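Subject: Structure for your review

Dear colleague,

I am passing on the structure below, followed by some notes on what was found in it. Please read the notes with the structure open beside you.

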Amino acid sequence: MTILCVRFQLPPLREVAFPELLGLLEEFTPVVEALPPDGALADLRGAERYFGRSAVELASVIRVRALARYGVDCVIGAGPGPLAARMALRAARPGATCAVPEGEVLEFLAEKPVTALPGVGTATARTLCEYGLDTLGRVAAAPLSTLQRLVGAKTGRDLHEKANGIDRGRVVPNAVSQSLATERPFPLDELDPDRHRRALLSAAEELGARLRALEKVCRTLTLTVRYADLPRSATTRSRTLKEPTAHSAALTRTAYGLYEALGLQRARVRAIALRAEALGPAEQASYQLTFDPVDEKVRRVEEVADRVRAKFGPGAVKPGTLAA
């Protein structure tokens, strides 16, 4: 077990600590791949030899240091390759590392649903389930030629290899991705457009606050609507903003526009997600001057709200306050 997949349990407005947490991993190995907004892969092959400890033992040290230095717990999966580590992470819980030994990967994967495999989208999962290939064990047992007829030559071969525990992936060191995301799940299937819009408002205000806390602006906003059917389907739409911004009101208007463009008719929605992309430093951004007193007032209110959040926590300002 030489690969760790780590998900830091970052509270809202704490993405600013993510690069520092990546730096913590780099104290053990230079081979760290960031998986924003809160995850990473770490290749510990050299670290195991250098420190004379196993990957699971090093995972315990990483968890203790993350808690001691940053007050952040983490969930960790360990495996012989990136795929096994990612899958182990799904079964892990805080305080313990879920480790999959090299000789037990196939057995570990067998009972997992096909939708749990990274890279398997909604359409592929639906096709496989229609033919009874709903677990990775059944996919692994299926002839390669059958899978290729169902989902295509390249996808079929890739799926067959992964289901059989063959992992050709590797950890690729990278920089932190330039995006932030947040999601608003509904406890039950939600048909009410007003509740959808309230979720969008809450998500847009959170993104705006997080961007301002990081002193960033975004150029693109992406909306994802997840529906209640099985396997879960989703619709994703993106829009480039007129100018880079961290202004909650501008993000909210764009989110509403993306939602209205979908033209949903009594859709049963289970979650709504927003992602701010193409981030850049706020100090280098330019924006059109406005003489609208309402807009200027909202921006001043945002500044006050940000100071309140910084002092009393993210829940100190209720969603919709800035839009009032």
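Helices (H or I, at least four residues) and strands (E, at least two) are DSSP runs, numbered from the N terminus. This is a predicted model, in which local features need pLDDT of at least 70 and side-chain atom pairs count only at pLDDT 80 or more, while totals for chains, interfaces and linings use all residues. Residues are numbered from 1 along each chain as its sequence is written, and side-chain values use heavy atoms, with hydrogens and water left out.

The pocket

The largest share of the lining of the largest pocket, four residues, is supplied by β6, and β6 (179–190), α10 (193–213), β7 (216–227) and β9 (269–277) each give at least two residues to that lining. A pocket here is an open set of points on a 1 Å grid over the protein atoms alone, where a 1.4 Å probe fits, with protein on both sides within 12 Å along at least five of seven lines, and lining residues have an atom within 4 Å of a point. The volume of the largest pocket is about 900 Å³, and among the 23 residues that line it, Pro 37, Ala 181, Glu 183, Arg 226 and Arg 275 are the closest to its centre. By class, its lining has nine nonpolar, five polar and nine charged residues (Ala, Val, Leu, Ile, Met, Phe, Trp, Tyr, Cys and Pro count as nonpolar, Asp, Glu, Lys and Arg as charged, and the others, Gly among them, as polar).

The helix pairs

The axes of helix α6 (residues 122–130) and helix α8 (residues 144–151) come within 10 Å and cross at roughly 125° (axes are lines fitted to C-alpha atoms, for helices over the stretch in contact, and angles run from 0 to 180 degrees between N-to-C directions). That angle makes α6 oblique to α8, since angles under 35 degrees count as roughly parallel, over 145 as roughly antiparallel, 65 to 115 as roughly perpendicular and the rest as oblique. Thr 124, Thr 127 and Leu 128 of α6 make the contact with Leu 147, Leu 150 and Val 151 of α8, where contact means heavy atoms within 4.5 Å.

Helix α8 also packs with helix α9 (residues 153–163), at an angle of about 135° and with the axes 7 Å apart, and the two are therefore oblique to each other. The residues in contact are Leu 144, Leu 147, Gln 148 and Val 151 of α8 and Ala 153, Thr 155, Gly 156, Arg 157 and His 160 of α9.

With best wishes

Key: Grid points are joined across faces, edges and corners, and a volume is the space filled by probe spheres set on the points.
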